Amino acid sequence: MSRRRFTGRLAAGTLAAGLMLTACGSPGSSSSADPTTPAGSGSGSGSAAAGATGEPIKVGLVTSLSGPLQSYGQMYLDAFNVCLADATDRTNAVGGRPIEVSTADDAGDPAKATTAATDYIGQGYTILAGSASSGVALQMAPLAAENQVLFISGPAATDGITGVNKYTFRSGRQTYQDIRTAASFIGDLQGKTVTIFAQDTAFGQANVAAASAVFGAEGATVTPLLVPATATDLVPFAKQAADADPNLLFVAWAGTNATQMWEAMGQQGAFDGTTVVTGLDIKPTHTVFAPVADKLSLLAHYFDGATDNEVEKAMVAGLTAEGKTPDLFSPDGCNAALMVVRAAQESPDDVDGMITALEGWEFQGPKGTMTIRAEDHALLQPMFQTRLVDVNGTPTPELVKELAPADTAPAPTPFR
C-alpha cells in the first residue's frame with residue numbers, strides 16, 4: 001500500500017497552530033511499546049526518538065492488555081503507536097523533544113490502573129491515556145484532577161467522564177452517542193416497551209442510564225435486564241429477554257463472552273417478534289452475528305470501510321505494514337496519539353496549556369471531523385448505521401448511513 005501523509009488533512013485550526021503532523025515512510029519502523037512492560041520502566045518510543053536530545057515528554061498508557069477487554073486495549077495501543085509515528089514524521093518527537101511512551105496493563109481492574117498511574121505520576125509523567133474499561137476511567141479521572149495531569153481516556157464509553165473535570169478528555173465515543181445512533185433506527189416509541197440487556201458493570205449501567213433517558217423521553221417504558229459480570233451461564237438471562245417480548249431489545253455488551261451471549265439469545269428465541277438493536281463489535285465476533293444478521297440493526301462507532309479519508313488510509317496502511325488490521329477501537333488509539341502530539345507541541349511543560357490547546361480543537365481523525373467541545377470535553381464525531389452482508393462467506397459490515405456529529409451530540413455537561 002502506498003505511503004500517505006497527514007499533512008493538509010487536519011483542520012485549519014491545527015495547521016494554523018503549526019502542528020507538524022506529517023507521515024513519511026512506513027510507520028512500521030516505529031518502536032512499539034511493550035504490552036508486558038510494568039508501570040514506570042520507561043519503554044516505548046524512546047529509541048525511535050534517538051535523534052531528539054531535549055527533555056522527554058512522558059506519556060503513560062494504562063489500558064487493558066489482558067483480561068476481558070484485552071482485544072480492545074491492544075487495538076487501541078497498536079493504532080496509537082502507528083499514528084504517533086505518522087504524526088511526528090517517524091521521529092516520535094516534537095520540538096526536538098522525544099515523546100517517551102510507557103505502557104501498563106490494568107487488566108480491566110481500577111485498582112491496578114490507579115496503582116500504575118500513581119507510579120507514573122510520581123516519576124513526573126504529565127500525560128496519561130488509554131482506559132478501555134469504564135470502571136477504570138471513572139477512577140483515573142479524579143486521580144488526574146488531584147495530581148493536575150492530563151488524562152485522555154480511550155475506548156471507555158461511560159458518560160460519567162464527560163464534564164467530570166478539566167483534566168479529563170476522551171479519544172473515543174461515549175454511551176450517549178451509541179444510544180442516539182440506536183434511536184435513529186426506530187420510529188415513534190410512544191407507548192412502546194424497551195428492554196436493555198447489558199452486563200452489570202459501569203459500561204452496562206451507563207447504557208441503562210442513557211437508554212432510559214433517550215428512549216424514555218420519547219415515550220417508551222424502559223426495563224433494564226442486567227447480567228452479573230461474573231456470569232458464565234447466560235441462557236437464563238437470554239430466556240428472560242425473550243420472555244419479556246419487548247417492542248425493542250437493545251443489547252449493550254462488551255468483552256470476550258459476546259459469542260456465548262449471542263448464541264444464548266438465538267437459542268432462546270430472543271430475536272423472534274422484536275426489533276433488536278446492538279452495537280457492532282470487533283471483527284472476530286462478526287461470524288456470531290451471521291445466523292441472525294438479517295434480524296439485527298447495528299450501530300457502529302467505526303468499522304474498516306466506514307470512512308475513506310486520508311487519516312484513516314494512513315492508519316490502515318501503518319497497521320497493515322505491521323501485519324495488523326484496523327478494528328472497532330483503532331480510531332480511539334489514533335485520536336489519542338494526535339491529541340498527545342497536539343498537547344506536547346503546544347505546551348510541553350504546562351498541563352494547563354495542554355488543556356487550552358485541546359479545548360475546542362477540531363481535527364481530522366480516522367472517522368472524519370472530530371471536535372473537542374470546550375465546555376465539557378465531549379468528543380463530537382460521526383457515528384454509523386451498518387448491516388452485515390456476506391462477502392465470499394465472510395460477514396462484512398456495510399455502511400447504511402453516516403450520522404453527523406450534531407445528530408448524536410450529548411447535551412453539555414458543565415464541569416463538576
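Mentor: Buried means under 20% relative accessible area, exposed over 50%, and partly exposed in between, with a 1.4 Å probe and protein chains only. This is a predicted model in which local features need pLDDT of at least 70 and side-chain atom pairs count only at pLDDT 80 or more, while totals for chains, interfaces and linings use all residues. Residues are numbered from 1 along each chain as its sequence is written, and side-chain values use heavy atoms, with hydrogens and water left out.

Trainee: Is glutamate 218 buried, exposed or partly exposed?

Mentor: Glutamate 218 forms a salt bridge (a side-chain nitrogen of Lys or Arg within 4 Å of a carboxyl oxygen of Asp or Glu) with arginine 180, the closest N and O atoms being 3.5 Å apart. The relative accessible area of glutamate 218 is 26%, so this residue is partly exposed.

Trainee: Which side chain of opposite charge is nearest to aspartate 327?

Mentor: Aspartate 327 is found in the loop between α10 (310–321) and α11. Lys and Arg count as positive and Asp and Glu as negative, with His and the chain ends not counted. Aspartate 327 is buried and has no salt bridge; at 5.7 Å, the nearest side chain of opposite charge is lysine 283.

Trainee: Why is the disulfide of cysteine 83 and cysteine 334 described as left-handed?

Mentor: A disulfide (a pair of cysteine sulfur atoms within 2.5 Å) joins cysteine 83 to cysteine 334, with S to S at 2.2 Å. Cysteine 83 lies in helix α2 (residues 70–87) and cysteine 334 in helix α11, so the bond ties together parts 251 residues apart in sequence. Both cysteines are buried. The disulfide is left-handed because the torsion about its S-S bond is about -95°.

How values were computed: Helices (H or I, at least four residues) and strands (E, at least two) are DSSP runs, numbered from the N terminus.
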